[in-house]
Structures are given as C-alpha cells and as structure tokens.
Amino acid sequence: MVQLLTSTLEYRRSHFTKLIITIVRQAMTYRRGKGNPLTRTEIDRLNGLLPSVEFKIPELLDPGFLNSFVQPKAEEPPPQMAESLSKAKAQELATQLIEITKLNPQARGLRFEGFLNELFAGSGLAPRGAFRLVGEQIDGSFKLHGQTYLVEAKWHGPQIGFADLMTFSGKVAGKASWSRGLFVSNSGFTAGGLEAFSRGRQTNLICVDGLDLFEVLSRQVSLIDVLEEKTRCAAETNRAFVAIRDLKLYHE
C-alpha cells in the first residue's frame with residue numbers, strides 16, 4: 001500500500017486524489033464488516049497529513065461526510081489505587097483492631113480476617129475473602145499492581161515460627177508460579193524461625209506483624225508503599241519480614 005501511494009505521488013500525481021478516496025471507501029466497507037468501523041478521528045488524522053504532500057481532498061472535508069462518523073467515546077481512566085487510607089477510615093479500623101481483643105478466641109480469628117479485608121479494600125487492593133481448596137484453607141487474597149498475593153492470617157497464639165512459615169510457603173508454591181504470599185501474624189514472628197526460613201530457599205512470602213498494622217493505621221502509612229517495600233527487600237535480601245519502622249517510610 002505504501003509503495004502504491006508513493007509511486008502514484010511520483011509518477012501519476014493526478015490520480016492520487018481518486019486513489020485516496022477509493023482506499024477510504026473500501027476501508028469503510030471492510031472495517032464495518034469486521035465490527036470495527038472507521039472513525040472520525042482517523043479521517044481527521046488523514047486530512048491533517050494530506051497537506052504535507054500538497055493535497056487537500058474536498059470530499060474528505062465535506063461536513064456531511066465527516067458528521068456521518070460516530071465520534072469514539074473517550075476512554076475512562078483506569079481506577080487509581082488509594083495512596084493511603086483516609087484519616088476517618090484509619091481511625092475506624094484502629095478501633096476495630098482494639099475491639100477484636102475483647103472477643104473470644106474463635107471469633108477473633110474470623111473478625112481479624114474481616115478486618116484485613118476492609119484494610120485491603122480501603123487501600124484499593126481488590127481483596128477476596130477466605131476460600132477453601134481440597135485439603136487446605138486460604139484466608140483470602142488481594143492484587144497489587146496485577147500480582148496476586150495469597151493471605152494467611154493469625155490473630156492469637158505464640159509467635160509464628162519456621163514450621164508455620166514453611167507450611168504457608170508450601171501452599172503458595174502449590175499454586176500458579178506467579179503467586180506470592182502475605183503472612184499476617186498479630187503476635188509476630190520468631191527471630192529463629194525467620195532466620196531459618198531465609199536460608200537455603202527462595203522466599204515466596206512477605207510478612208506483617210501487629211506492630212506493622214498499628215503503624216499503618218496510627219501514622220497513616222500507605223499500605224501499598226509498605227507492601228512494595230517489603231517485596232523489594234525480600235527480592236534483595238531474601239528476608240520475608242522487615243518491620244515497617246525499618247523501611248524508613250515515615251519520619252519519627
């Protein structure tokens with residue numbers, strides 16, 4: 001097509017206008033049949049290019065012809081993830097976190113999962129609640145920049161050690177290769193367990209403890225920033241847990 005247009009311009013210039021009109025008409029018919037009709041924007045772009053080769057085609061500038069095209073709808077900008085929770089929402093979630101301590105052990109776990117879902121949703125992370133697969137329970141998932149994270153949430157009990165980290169890591173490893181895991185333990189993690197977990201294997205987890213949650217809510221630190229920095233640290237050091245206070249995301 002380019003060679004045809006170029007040759008016509010060079011050797012049969014008087015036929016160029018007829019050739020352009022023929023191409024436009026055939027394109028209109030072909031594109032309409034494909035369900036992708038020619039647009040006014042494309043015709044306007046063509047009319048803008050023609051003067052550069054010293055042509056102006058009245059048929060393509062006719063208002064009736066131009067108005068026969070439907071203007072394409074402006075694309076809506078993609079929804080933006082919240083940079084951080086609003087002050088009111090952060091206070092509401094902080095209150096919920098305190099109230100969870102007053103519940104019985106069984107209710108605490110369920111309410112803690114609900115609290116995390118609200119925290120993820122308020123941060124624009126498209127959370128999904130708990131779901132059960134054959135032989136195992138996943139406490140939920142969320143998406144960060146198109147990457148899916150599976151969630152394990154523990155409210156009470158001793159600090160999480162090597163065995164629990166390995167169990168959840170195995171769950172994540174058993175899913176799609178692009179899956180990652182977020183282990184949230186209100187009680188925290190043992191230093192020995194974290195050290196052992198970081199040796200001899202590539203981590204597919206990042207971890208958050210109760211103090212991290214407190215920092216997010218009380219200092220209104222962006223959860224997205226926290227997860228991004230924890231993921232970056234894990235990639236650089238293979239450490240699954242780095243406390244928010246060590247990520248330098250706020251000033252004391």
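Contact, in this tour, means heavy atoms within 4.5 Å. The structure is a predicted model, in which local features need pLDDT of at least 70 and side-chain atom pairs count only at pLDDT 80 or more, while totals for chains, interfaces and linings use all residues. Residues are numbered from 1 along each chain as its sequence is written, and side-chain values use heavy atoms, with hydrogens and water left out.

Phe 112, Phe 115, Leu 116 and Leu 119 of α7 meet Leu 213, Val 216 and Leu 217 of α10.

Next, select Phe 112 and Phe 115. Their rings form an aromatic pair (centres within 6.5 Å). The pair is stacked, at 6.1 Å centre to centre and 10 degrees between the planes; stacked denotes planes under 30 degrees apart, edge-to-face over 60, and tilted the rest. Because Phe 112 and Phe 115 are 3 residues apart in helix α7, about one helical turn separates them. Phe 112 is buried (under 20% relative accessible area), with a value of 1%. Phe 115 is likewise buried, at 0%.

Now move to Phe 189 and Phe 241. The ring centres lie 5.6 Å apart and the planes stand at 40 degrees, so this pair is tilted. It links distant parts of the chain: Phe 189 lies in the loop between β5 (180–185) and α9 (191–198), whereas Phe 241 lies in the segment after α11 (223–237), 52 residues apart. Phe 189 is buried at 8% relative accessibility, and Phe 241 is buried at 16%.

Key:
Helix = DSSP H or I, 4+ residues; strand = E, 2+ residues; numbered from the N terminus. Phe/Tyr/Trp six-rings, centres within 6.5 Å; stacked < 30°, edge-to-face > 60°. Buried < 20%, exposed > 50% of the residue type's maximum accessible area, 1.4 Å probe, protein only.
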